[in-house]
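Hi,

Here is the structure I promised to pass on. Have a look at it first, and then read my notes below.

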Amino acid sequence: MSGPGNSRPVAIAGTGSYLPERVLTNADLEKMVDTSDEWITSRTGIKERRIAADDEFSSHLATNAGRKALEQAGLTADDLELIIVATITPDTLTPATACYVQQNLGATKAVAFDISAACSGFLYAMKIAKRLISDGAFENALIVGAEKLSAFVNWEDRSTCVLFGDGAGAAILKRSEPGKGEILATDIGTDGRQTRLLNIPGGGSACPITIANADQRLASLSMIGNEVFKHAVTRMRDSANAVIARAGLNPEDIKLVVPHQANLRIIDAIADRLAVPNDRVFVNLHKYGNTSAAACPIALDEAHRTGRIEKGDHIVLVAFGAGLTWAAAAVRW
Ligand code: ACO
């Protein structure tokens, strides 16, 4: 794209997150499948996760997170021009979850649509919204990662059910001034050859759920975890390095890395490879597990609200997920 608007800086003006009330601990899971707190903790770092209520959908989680981000940005729903929801657990296949969020917020002027890029979805949304704002199409955007993964987990499969949780995280993007807060660089990538490693095989046009196959739990997450692990480390390392370089920064300039929260061993491996000390890497997966598209923005909001990110700091967000997809962003706060 070209044009005078192309160089207009775009900043994160507010963040928000929402976690459902119900806590499911490793001890609870020990009663459900053949697993142990020791296995889950040593292999993943996860201690507990949140589970949405039966009548609480991805759009509700997204709306609650979005309200908090709007409030922090000093905007009202009426000001909103764009809503992008990143999710792999939409309320319905159509319309988009973002349409329900628009309705819940009463953001009647906002264009609203979803994107599906699994755990990288929030950062895909950030890249799209940044470009649409910087080229002048919109003044601001609400971007949200929201997941009710508990609705797509096979609770009898110990290899996946211990990993995931529900939640939502959001950010408001808007025009900034040169020298102030700015999303400095973004990177997104996809390797469609690896779709088999991580997917929800049923419930789409390739495999509709029918009475004949209903007992096979095909609309559940399926993952070859150890293969995903290897891709996750290299792709996130390369994507983070790419945005650090494009932003004209060095690893030592980065105050905080906010990675996708899938597995503590993956996070540690990335910190090593980026040469960033562990105390500059934000971790909250012990409380929430892997919330897919919601994980990065929930971590960002928590880091911001607990004072780990201050005005002028440089941070890097980085994620990886089904697709395979990966993404990163370098941000000056
Ligand atoms: N409790 C006890 N034992 C278990 C459990 C469990 N919950 N789950 C699996 N095991 C067993 C397996 O059956 C296997 O037993 P075996 O050796 O007798 O066959 C053994 O533990 C080892 O299994 P692995 O899958 O090799 O274990 P690994 O060390 O790879 O850890 C994990 C699994 C945690 C899933 C890891 O591979 C991982 O984190 N992968 C990456 C996940 C990720 O990043 N996903 C991307 C984002 S998700 C998204 O996009 C929606």
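First, a word on the model: it is predicted, so local features need pLDDT of at least 70 and side-chain atom pairs count only at pLDDT 80 or more, while totals for chains, interfaces and linings use all residues. Residues are numbered from 1 along each chain as its sequence is written, and side-chain values use heavy atoms, with hydrogens and water left out.

**Salt bridges**

The structure has 14 salt bridges (a salt bridge is a side-chain nitrogen of Lys or Arg within 4 Å of a carboxyl oxygen of Asp or Glu). One of them joins the side chains of D78 and K109, at 3.9 Å from N to O. D78 sits in the loop between α3 (58–73) and β4 (82–86), and K109 in the loop between α4 (97–105) and β5 (111–115), so this pair ties together parts that are 31 residues apart in sequence. (Helices, H or I with at least four residues, and strands, E with at least two, are DSSP runs numbered from the N terminus.)

How open to the outside are these two? D78 counts as partly exposed at 43% relative accessibility, and K109 as exposed at 55%. For these words, buried means under 20% relative accessible area, exposed means over 50%, and partly exposed is in between (1.4 Å probe, protein chains only).

Next, look at E156 and R217, whose side chains meet in a salt bridge of 3.1 Å, N to O. E156 is in the loop between β6 (140–148) and α6 (158–161), R217 is in the loop between β9 (198–199) and β10 (222–223), and 61 residues separate them.

D187 and R246 form another salt bridge, also with 3.1 Å from N to O. D187 is buried at 12% relative accessibility, whereas R246 is exposed at 52%.

**Helix α4**

Which residues of α4 are buried? They are T97, A98, V101 and L105. These residues lie on the same side of α4, because they cover an arc of only 100 degrees around the axis (the arc is that of the directions from the helix axis to the C-beta atoms). The buried residues of α4 pack against α3, β4, β5 and β6, where contact means heavy atoms within 4.5 Å.

Cheers
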